[in-house]
Amino acid sequence: MYGYEILHEQIAENLINNIRQEVANQAYIFEGERGVGSKECAKLFAGALVCKNTPSAPCTTCNACIMAKAESHPDIYELTPADGKRNISVDQIRSVVTDAYTKPYESKKKVYIIAYGDDMNEQAQNAFLKVLEEPPEYAVFVILAENNESLLPTIRSRCTSIRFNPVADKKVEEYIKKNYPERLEAMDFLVQYAGGVVGDIEKILNAENFVPLRRESLEKLEALLSERKLDAYQVAEFLEENKEDADLILRFWQGFLRDMMLILQGAKNLVKSTDFIDNLINLANKTQEEKVARAIDEVLLAQQMRKRYVNLKALSLRLAFSIKNRG
Ligand SMILES: [Zn+2]
């Protein structure tokens, strides 16, 4: 859409219409999970606001549109936490407030995208409130937030809130086809993994080791399901060696095991990991259904333990041993 990767067309359309009719507001909260597409939408919105041809903004051809697309327009600011910091600091906010009272350089508007504003502490939010209370007429603020509730009610009441929901699987599919045509064989897995949030798959799509890691995870799944004690240590070692990707490996296993269950229940046509279907049929045929079911539960438990920062080594040994037949 206008050269931007927009997943929420309807929202973008409405925002742009408001700009063209010169009825856009000065402060917005774009609420939605990181990676859901709100940031890209904010960039398009900002680009349209600074466009020189308001009745047809974003015209995509004027100087302002070109600079905005290249993220080099002097009147568009994207505020993110300073390097190594988790939150936007109160000092950063103070400099935005000061800057906001300086007229735009190029355009009629000056746009501030605050990502992610709900991570600001109360002091920073209070500093920000000052400019929201009396914004200069040319300033527009877009706060990206995962959770509206983390923003002060006094900020929320001054903003128009727009909710960005996860998109339909079909959209994620189109997105992958368009941007990652070399990854199509893992499409079903990726769509499932994304759950409507394309940002979640961006990182793994860009990872060079995605395909080899997926293959190796399948090989190690066999060890995970084996009865040999030695194999359990092999599994633990594999997770330890790939500790950066441990969550992804657990997601791979979850998907593979679910597919094995489908195969065992005679529903081969529902298998999602079509890239490895033959290997999965092989493995399923030599594994008891009861064991696959147990493995699914244990992998799920391991994923929950990861969220509670349980030591990876302890977790992976526990996982590998708990799947073995007892007795
Ligand atoms: Zn333009």
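**Strand pairing, cores and domains**

User: In β5, what is the bridge partner of E31?
Analyst: R163 is the bridge partner of E31 in β5. Keep in mind that this is a predicted model.

User: And in β4, what is the bridge partner of E31?
Analyst: There, E31 is partnered with A145.

User: How do β1 and β4 run, parallel or antiparallel?
Analyst: Parallel, with five bridges joining β1 to β4, which spans residues 139-145.

User: How many bridges between β1 and β5?
Analyst: Four, and the pairing is again in the parallel sense. β5 covers residues 160-163.

User: Is β1 buried or exposed?
Analyst: Buried. β1 is residues 27-31, and five of its five residues are buried, so the strand is largely enclosed by the rest of the structure.

User: Which residues sit on each side of β1?
Analyst: A27, I29 and E31 are on one side. Y28 and F30 are on the other. They are all buried, so both faces are covered.

User: What about G32, where is that?
Analyst: G32 lies in the loop between β1 and α2.

User: Buried or exposed, that G32?
Analyst: G32 is buried, because 24 other C-beta atoms lie within 10 Å and the cut-off is 20 or more.

User: What is G32 in contact with?
Analyst: Setting aside neighbours within four places in sequence, G32 contacts S38, R163, F164 and N165. R163 is also the β5 partner of E31. As for I162, it is 130 residues from G32 along the chain, yet their C-alpha atoms are 8.7 Å apart.

User: Switching topic. Where is P58?
Analyst: In the loop between α2 and α3, with α3 being residues 63-69.

User: Why does P58 count as buried?
Analyst: Because P58 has 28 C-beta neighbours inside 10 Å.

User: And what is P58 in contact with?
Analyst: Beyond its neighbours within four places in sequence, P58 contacts Y2, L44, G47, A48, C51 and C65.

User: How far apart are P58 and K39?
Analyst: C-alpha to C-alpha, 17 Å in space. In sequence they are 19 residues apart.

User: Now the cores. How many residues are in the largest nonpolar core?
Analyst: It has 66 residues. I113, I114, F141, V142 and L144 have the most contacts inside it. Helix α2, residues 38-50, gives the largest share, eight residues.

User: Why does this core lie between domain 1 and domain 2?
Analyst: Both domain 1 (9-163) and domain 2 (169-206) give residues to this core, so it lies between them.

User: What does I113 touch?
Analyst: Not counting residues up to four places away in sequence, I113 touches A42, A46, Y77, E78, L79, V142 and L144.

User: And what lies apart from that core?
Analyst: Another core, of 28 residues. V235, F256, M260 and L283 are among them.

User: Which residues of α15 are buried?
Analyst: L315, S316, L319 and A320 are buried in α15, the helix at residues 312-322. They cover an arc of only 125° around the axis, which puts them on the same side of α15.

User: Why would a spacing like that point the same way?
Analyst: An α-helix has 3.6 residues a turn, so residues three or four places apart point the same way.

User: What do the buried residues of α15 pack against?
Analyst: Three helices: α10 (210-225), α11 (229-241) and α14 (289-307).

User: Zooming out, what does the domain assignment give?
Analyst: Domain 1 is 9-163, domain 2 is 169-206 and domain 3 is 210-322.

User: How many residues of domain 2 are in contact with domain 3?
Analyst: Eight residues of domain 2, and they meet nine residues of domain 3. On that side of domain 2, α8 (187-194) and α9 (199-206) each supply at least two residues. α8 gives the largest share, four residues.

User: What is that side of domain 2 like by class?
Analyst: The side of domain 2 that touches domain 3 has five nonpolar, one polar and two charged residues. The centres of domain 2 and domain 3 are 21 Å apart, over C-alpha atoms.

User: Last one. How many helices and strands in the protein?
Analyst: 15 helices and five strands. The protein has 327 residues, and 36% of them are buried. The C-alpha atoms fill a box of roughly 75 × 40 × 30 Å along the principal axes.

Key:
Residues are numbered from 1 along each chain as its sequence is written. This is a predicted model: local features need pLDDT of at least 70, side-chain atom pairs count only at pLDDT 80 or more; totals for chains, interfaces and linings use all residues. A residue is buried if 20 or more other C-beta atoms lie within 10 Å of its own, exposed if 12 or fewer, and partly exposed in between; C-beta atoms are placed from the backbone. Domain bounds come from an automatic or database domain assignment. Two residues are in contact if their C-beta atoms, placed from the backbone, lie within 7 Å. Ala, Val, Leu, Ile, Met, Phe, Trp, Tyr, Cys and Pro count as nonpolar, Asp, Glu, Lys and Arg as charged, and the others, Gly among them, as polar. Two strands pair if DSSP finds at least two bridges between them. A nonpolar core is a set of buried Ala, Val, Leu, Ile, Met, Phe, Trp, Tyr and Cys residues joined through C-beta atoms within 7 Å. The arc is that of the directions from the helix axis to the C-beta atoms.
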